[in-house]
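Welcome, and thanks for taking a look at this one with us. Please have the sequence and the structure open as you read on.

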Amino acid sequence: MIDGQLGRSRIERFLGVERAAWLRDAAAHAPAPLWLVGGAVRDLLLGRKVGDLDLVIEGDARVLAADLTRRMHARMVEHEAFGTVTLVLG
């Protein structure tokens, strides 16, 4: 889960303070545990800078994505065929 065994300082170092804060905020407002997965986890473990963030939540991701879109001034793109959502920030 977010800020689990990797620790806050490591996440901030490789994501940047702003993106790490966004990730913690997203996890705090999620209706279920929010998991960081995919290449970002690999890059964090290898000490590399992280590109995009892949997140997984149990249930309907669109509910959390819609909330985050409003609160964080993002743009939401739904991929209905896969049941996934992309948020574009900034």
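Predicted model: local features only at pLDDT ≥ 70, side-chain atom pairs only at ≥ 80, totals over all residues.

D43 belongs to helix α3, which covers residues 39-46. Setting aside neighbours within four places in sequence, the contacts of D43 are with R48, K49, V50 and G51.

Next comes L44, another residue of helix α3. Is L44 buried or exposed? With a relative accessibility of 0%, L44 counts as buried, because anything under 20% falls in that class.

How far is L44 from S9, C-alpha to C-alpha? The two C-alpha atoms are 11 Å apart, while 35 residues separate L44 and S9 along the chain.

## Where α2 packs against α4

Now for a pair of helices. Helix α2 takes in residues 17-29 and helix α4 residues 61-72; the two pack with their axes 11 Å apart, at an angle of about 130°.

Which residues of α2 and α4 meet? From α2 come W22, D25, A26 and H29, and from α4 come L64, D67, L68, R71 and M72. By class, the residues of this contact divide into 5 nonpolar, 3 charged and 1 polar.

A32 is found in the loop that runs between α2 and β1, the latter being residues 34-37. Leaving out residues up to four places away in sequence, A32 touches I57 and E58. Between A32 and D52 there are 21 Å in space, C-alpha to C-alpha, and 20 residues in sequence.

Finally, have a look at two strands. Strand β3 (residues 75-79) and strand β4 (residues 84-88) run antiparallel and are joined by 5 bridges. In this pairing, V77 stands opposite T86 of β4. As a general point, side chains in a regular strand alternate between the two faces of the sheet.

How many residues lie between the strands of this hairpin? There are 4, and in the hairpin G83 takes a positive phi near 70°.

Note on methods: Residues numbered from 1 in each chain as written. Heavy atoms only, no water. Axes fitted to C-alpha atoms, helices over the stretch in contact; angles between N-to-C directions. Contact = heavy atoms within 4.5 Å. Nonpolar A, V, L, I, M, F, W, Y, C, P; charged D, E, K, R; others polar. Pairing = 2+ DSSP bridges. Buried < 20%, exposed > 50% of the residue type's maximum accessible area, 1.4 Å probe, protein only.
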